[in-house]
Each structure stands twice: as C-alpha cells, then as structure tokens.
Amino acid sequence: MSPTAVIARIRLNPYSRTVQRDLRDATQMHRTVMRLAPDNLGTSPRRTAGLLYRVDETTTASTLLIQGATLDPSRLPADYGHAENKDLTPMFTALRKGLPVTYRVVLNPAKRERLPLEHKGQRGRIIPLSGPEADQWWIQRAADAGLQLHVLTPTNLAAARPRGADASPMRHSLIRYDGTATITDPDALTQAILTGIGRGKAYGAGLLSLAPARTT
C-alpha cells in the first residue's frame with residue numbers, strides 16, 4: 001500500500017495582519033500551521049500529524065506549503081490566503097530508482113559541538129553550518145534520503161526567530177537548496193519526504209519537494 005499525504009498550497013494575503021505577524025514570528029507561524037491538523041494528537045502533535053511546512057517567497061508573492069497526513073485549510077483565518085489541497089499519493093507511486101528529479105528544500109544545517117573528555121556525558125551546543133560545510137551536510141543527508149545530487153544551489157534565508165516567553169532562544173539558520181538529483185533509493189526517499197530532513201521542522205525547515213526533471 002502506497003503512503004499517503006496531502007500538501008496545501010496557500011497563496012498568502014500580504015494585507016492580512018495575521019500573515020504579516022506570522023512571517024515575522026516563527027512561533028506564531030508554527031501555531032497557525034498546527035491549526036490545519038486534527039485536535040487531540042497527544043504530546044507530539046506536529047510529529048504525529050506529519051506536519052512540515054515551508055514559505056516560498058518571490059518578488060511578487062509569498063506561498064505557504066504545508067504537508068501532513070490530513071489537512072483542513074478551512075481552519076485558517078478567513079483572510080489568510082487562497083488554499084488548494086493536493087494528494088501526494090501519485091507522486092509516491094511514481095518514485096523509482098534512476099528517476100531524474102528537481103528538488104527544493106529549506107534546511108537548518110547544524111552539528112553538535114564536541115566537548116572535551118572531561119565533559120563526558122554532557123551535550124555540546126548546536127552549531128549552525130554555512131558555506132561548504134552546509135553544502136556537504138546536505139549532500140550527505142540527501143544520500144541518506146535516497147538522492148544523488150547533481151546540482152545544488154544554496155540561497156541563504158532570514159533566520160527563523162521564535163518569540164514569546166516560552167520560546168526557544170535559539171535562532172534557526174535557514175538555507176534553501178534548489179537543484180537536480182537522481183533517485184537511488186525510493187523507500188528511503190519516501191520516508192524522508194514524510195518525516196522531513198534535519199532540525200528546525202517546527203520553524204519551516206525539512207520539507208522536501210520534488211518534480212520530474214525535464215530531459216532533452
């Protein structure tokens with residue numbers, strides 16, 4: 001049985017005060033995204049719902065992509081934007097080894113600091129990566145996810161800034177990667193699409209989008 005998921009594509013209303021607030025505040029954006037998921041999902045609702053999201057921005061528009069097992073865009077604020085749901089089952093069915101694809105993903109490349117031996121048992125800080133280190137991080141994660149990358153074009157994005165009294169003080173550095181790849185492991189790729197890649201999933205990172213690559 002093929003895995004199932006849906007994706008909501010929401011063309012954001014730039015005049016909505018709620019949209020303006022969410023684009024400034026990663027905590028509020030996360031709360032808005034969670035409104036599309038069912039209620040009463042336990043202690044890890046985002047993970048249980050399989051919710052991932054990304055904001056794609058151009059010079060003329062901002063689009064919010066939200067992926068999950070089930071989504072109800074009618075629960076968004078009335079003036080938030082125009083939403084369309086798409087079933088991803090056909091995409092999962094089409095994945096096969098050797099298929100060339102184009103991809104887009106926003107990531108939070110990071111590594112945990114190694115501590116001296118005298119600090120054994122303690123955990124080091126999370127250190128954001130940039131430049132060639134971030135590129136290498138994505139190359140390795142892509143390989144683990146069943147993709148052999150051919151082209152990777154990084155674009156540095158504004159860091160996600162959680163706000164509020166109970167929010168994490170950490171700024172989540174974000175890099176968008178666009179490029180081409182070949183599928184090497186459809187099962188691993190399916191799992192990566194469903195669960196997301198890397199850290200910062202609550203703040204707009206990890207959602208991997210694919211499309212068939214044009215061949216000449």
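Let me begin with a term: two residues are in contact when they have heavy atoms within 4.5 Å of each other. A second term concerns the elements, since helices (DSSP runs of H or I, at least four residues) and strands (DSSP runs of E, at least two) are numbered from the N terminus. What you see is a predicted model, in which local features need pLDDT of at least 70 and side-chain atom pairs count only at pLDDT 80 or more, while totals for chains, interfaces and linings use all residues. Residues are numbered from 1 along each chain as its sequence is written, and side-chain values use heavy atoms, with hydrogens and water left out.

First, the overall picture. The protein has six helices and 10 strands, and of its 216 residues 42% are buried, where buried means under 20% relative accessible area, exposed means over 50%, and partly exposed lies in between, computed with a 1.4 Å probe on protein chains only. If we take the contacts with a separation of 6 or more, 72% of them join residues 24 or more positions apart.

Now to helix 2, residues 26-34. How many of the nine residues of helix 2 are buried? Seven of them are, and helix 2 is therefore described as mostly covered, given that buried means under 20% relative accessible area. The buried residues are Ala-26, Thr-27, Gln-28, Met-29, Thr-32, Val-33 and Met-34, and they pack against helix 1, helix 3 (45-49), strand 2, strand 3 and strand 8.

Two of those partners, strand 2 and strand 3, belong together. They pair in the antiparallel sense over six bridges, and for a pairing we ask that DSSP finds at least two bridges between two strands. Strand 2 and strand 3 form a hairpin with four residues between them, and within this pairing Val-55 stands opposite Leu-64 in strand 3. Another residue of strand 3, which covers residues 62-68, is Thr-63. Why does Thr-63 count as buried? It does so because its relative accessibility is 16%. Leaving aside residues up to four places away in sequence, Thr-63 touches Arg-9, Ile-10, Arg-54, Val-55 and Asp-56.

Elsewhere, strand 5 has two partners that I would like you to find. Strand 5 (residues 100-107) pairs with strand 9 (residues 172-183) in the antiparallel sense over eight bridges, and there the bridge partner of Val-101 is Ala-181. Strand 5 also pairs in the antiparallel sense with strand 10 (residues 208-212), over five bridges, and here Val-105 stands opposite Leu-208.

Finally, the spaces. On a 1 Å grid over the protein atoms alone, a cavity is a set of points where a 1.4 Å probe fits but cannot get out, whereas a pocket is an open set with protein on both sides within 12 Å along at least five of seven lines, and lining residues have an atom within 4 Å of a point. Grid points are joined across faces, edges and corners, and a volume is the space filled by probe spheres set on the points.

The largest pocket has a volume of about 520 Å³ and is lined by 25 residues, of which Lys-86, Met-91, Ser-209, Leu-210 and Ala-211 lie nearest its centre. Which strand gives the most to this lining of the largest pocket? Strand 10 does, with five residues. By class the lining has 15 nonpolar, three polar and seven charged residues, with Ala, Val, Leu, Ile, Met, Phe, Trp, Tyr, Cys and Pro counted as nonpolar, Asp, Glu, Lys and Arg as charged, and the others, Gly among them, as polar.

The second largest pocket, at about 450 Å³, is lined by 22 residues, and those nearest its centre are Leu-23, Val-55, Glu-57, Ala-158 and Leu-174.

Helix 2 gives the most, with three residues, and the lining as a whole includes Val-33 and Met-34, both of them among the buried residues of helix 2.
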